[in-house]
Amino acid sequence: MRLNDCDPSFKHEIARQPGGEGIKTCFACAACTARCPVGSLKPEYDPRRLLRLAILGRREEVLSSPLIWLCCSCQNCSEVCPQDVRCTDVLTAIKNLAAAAGYAPPSGQAMARQLAAHGRLLEVGEFENDKRAELGLPPVSEQPGDYQALLGLKPEAPRPAGEGA
Amino acid sequence: MHNRGPRRVGGCLEEIIFLSALDKPVLIIGGGVAGLAAALELDRRGLASLVVEKGPNLGGQARGFCCKALEVCARCGACRVGDLLQQAAQRPALGALTQALAVAAQRQGAGWEVTLIPQEGPKPTSPALALERPLGERLLVQTGAVILAVGHQVFDARKKSRLGYGRVPGVMTAGELEETLAKGGLPGQARRLAFVQCVGSRDQALGRLYCSRVCCGFALRLARLARYLEPGSEVTFFHMDVQDYGQAWRAELAEMRAGMRFIRAIPGEVRPGAGGPLAVFAGPDGQPQEEEFDLVVLATGLEPPVAAPALSEMFGLTPGAEGFLTGGQGVLVAGSAGGPRSIAESIESAAQAAASAAEHLVSGQAPSPEVAHA
Ligand SMILES: Cc1cc2nc3c(=O)[nH]c(=O)nc-3n(C[C@H](O)[C@H](O)[C@H](O)COP(=O)(O)OP(=O)(O)OC[C@H]3O[C@@H](n4cnc5c(N)ncnc54)[C@H](O)[C@@H]3O)c2cc1C
Ligand code: SF4
Ligand code: SF4
């Protein structure tokens, strides 16, 4: 590894992201790695190593790595971390930067399209609306326009009276 | 430095008379290595002092530590306690009161008037030395200077519950191993030993950001001694990095590295295994790994003394950065009460505190307050 290949501003950039604040306090103790359920299934996945690479400034290597998308956000690492790094949140911040840089995996991109178009990833049908009625909640209807408005993709659509979202 | 009054004591007769004429001994609170070393240094300078110890015995926490020498001295400092007690016993001018607690202090000119009360507590663990006289009743002491040598508190390993202390059989603290080895050997059939470093130190989640400085040294020396006593035993040393104690230590460390397994990771969990505690840690390839040991030893760190807030208030001191004690006008701090210190460092700081106290007595001026973590 050469110093010229490292970008010292990368860790600051991560720290500026919501959730990324803790990255600079990591001591590399590996308590997170020890407790990571993904690591025990996928040998290459090592949260300490990802954080080290990020701190060293290996921007491209980290953002383009398919490994960062394997974090299952179980928070085991945050719980054991003596330095309060909140490793899960730091990885989320890294994923956000990766997505902005165009590295989101195809499945993630498909989900984003689904979310923008329908406002949710799971279809809400009769079954869900029956359950809502039992609980005294108004039915949810498919109003993609609402979500596109929320996302700033479309001006807000006038909604029919009495309809929930 | 000041210009008023005689400057140094050592050997100057006029000065000794001058100081004893003050007839206000230096009050030393805490009778561990630091308190004893301060009393001896003052004695060497011809100054009377009174050591006030809340427990039944003098010597402090290091009293139960084991000598970590193999064939030659390991320079661990454990034997210094006995030396200090022996020297103190030979100095009649040196007074000590055990089972005594300072509860109030009032400014009197450049000195203090301190109220001591008897402290209920356990009876002495070993036969009392002539020096160890329990305080009978409430006592007022007028003193020209005070040395705070109340030591540190050891981190309660139960607070790191994932490491299993108090829950998983076979997990013990390094302090407990000190005492076991001092009594002559490893517990039971323990042959597979693991040491976990920085327990309660360098831990932002606990609000303990500092390194305790002494635990790398005592843990590795304990490990080496354990291997020496039980030649078949194997040691795994879980750490982040190892403190550097200087040139001689580096040579020692190189030998230790050759004989023990150093793993640069702190276990995320210790749980009961079939035949002993099972540690879960990141292996060299960055993969979670499990391994069973006979004994997992936690190198617990040094915390500020319990008495720090009360003493700070009593003497009007500003609390130090990490909660350790800092000095003030006519109040000096010695030993681990002022920050994590080894036995040798505690003795050294005590000599400094004694010198500053002597200076304060002569000048009535404030010596520069000690900086925590110096
Ligand atoms: C597990 C462990 C192992 C260690 N091993 C080593 C080693 O091998 N080598 C080494 O150099 N260092 C070692 N250390 C560090 C060592 O313990 C300290 O350097 C040493 O004890 C400091 O001495 P002290 O006199 O400042 O404090 P202490 O030993 O804590 O003595 C303070 C004394 O003050 C008394 N006291 C407290 N509060 C009051 C009060 N309010 N009024 C009156 N009296 C009071 C206490 O009862 C005690 O007797 C170890 C530390 C730990 C935790
Ligand atoms: S547990 Fe925390 S301090 Fe330790 S390596 Fe992981 S993120 Fe860093
Ligand atoms: S001395 Fe060693 S074990 Fe103790 S806190 Fe510092 S680095 Fe950790």
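**Salt bridges, a ligand shell and a surface patch**

Arg162(B) is partly exposed, its relative accessible area being 24%. In this predicted model, the side chain of Arg162(B) meets that of Glu79(A) in a salt bridge, with an N to O distance of 2.8 Å. The pair crosses between chains: Arg162(B) lies in the loop between β9 (153-154) and β10 (171-173) of chain B, and Glu79(A) belongs to helix α6 (residues 76-80) of chain A. With a relative accessible area of 51%, Glu79(A) counts as exposed, because the limit for that class is over 50%.

Over all chains, the structure holds 27 salt bridges. One of them joins the side chains of Arg191(B) and Glu230(B), at 3.3 Å from N to O. This pair links distant parts of the chain, 39 residues apart, with Arg191(B) in the loop between α4 (174-182) and β11 of chain B and Glu230(B) in the loop between α5 and β12 (234-238) of chain B. Arg191(B) is partly exposed at 25% relative accessibility, and Glu230(B) is partly exposed at 23%.

A further salt bridge is formed by Glu290(B) and Arg271(B), whose closest N and O atoms are 2.4 Å apart. Here two strands of chain B are linked, since Glu290(B) is in β16 (residues 288-292) and Arg271(B) is in β14 (residues 269-272); the two residues are 19 residues apart. Glu290(B) has a relative accessible area of 46% and is partly exposed; Arg271(B), at 29%, is partly exposed. Through shared partners, salt bridges join Glu290(B) and Arg271(B) with Arg35(A) and Glu269(B) into one network.

In chain B, the residues around ligand 3 include Gln197(B), Cys198(B), Cys215(B), Cys216(B), Asp241(B) and Gln243(B), as well as the run Cys211(B), Ser212(B), Arg213(B) and Val214(B). Two or more residues of this shell come from each of β11 (192-199) and α5 (215-229) of chain B. By class, the shell comprises five nonpolar, four polar and three charged residues.

Chain A is assigned two domains, domain 1 (3-100) and domain 2 (106-150). The C-alpha centres of these domains lie 32 Å apart. A nonpolar patch on the surface is formed by Met111(A), Leu115(A), Leu121(A) and Leu122(A), which together have about 400 Å² of accessible area. Leu121(A) counts as partly exposed, with 43% relative accessibility.

Definitions and conventions
Residues numbered from 1 in each chain as written. Chains lettered and ligands numbered in written order. Predicted model: local features only at pLDDT ≥ 70, side-chain atom pairs only at ≥ 80, totals over all residues. Heavy atoms only, no water. Patch = residues over 30% accessible without salt bridge, like charges linked within 9 Å, V, L, I, M, F, W, Y side chains within 5 Å. Areas by Shrake-Rupley, 256 points an atom, 1.4 Å probe, with all protein chains shown as cover. Salt bridge = Lys/Arg side-chain N within 4 Å of Asp/Glu carboxyl O. Buried < 20%, exposed > 50% of the residue type's maximum accessible area, 1.4 Å probe, protein only. Domains from an automatic or database assignment. Near = heavy atom within 4 Å. Helix = DSSP H or I, 4+ residues; strand = E, 2+ residues; numbered from the N terminus. Nonpolar A, V, L, I, M, F, W, Y, C, P; charged D, E, K, R; others polar.
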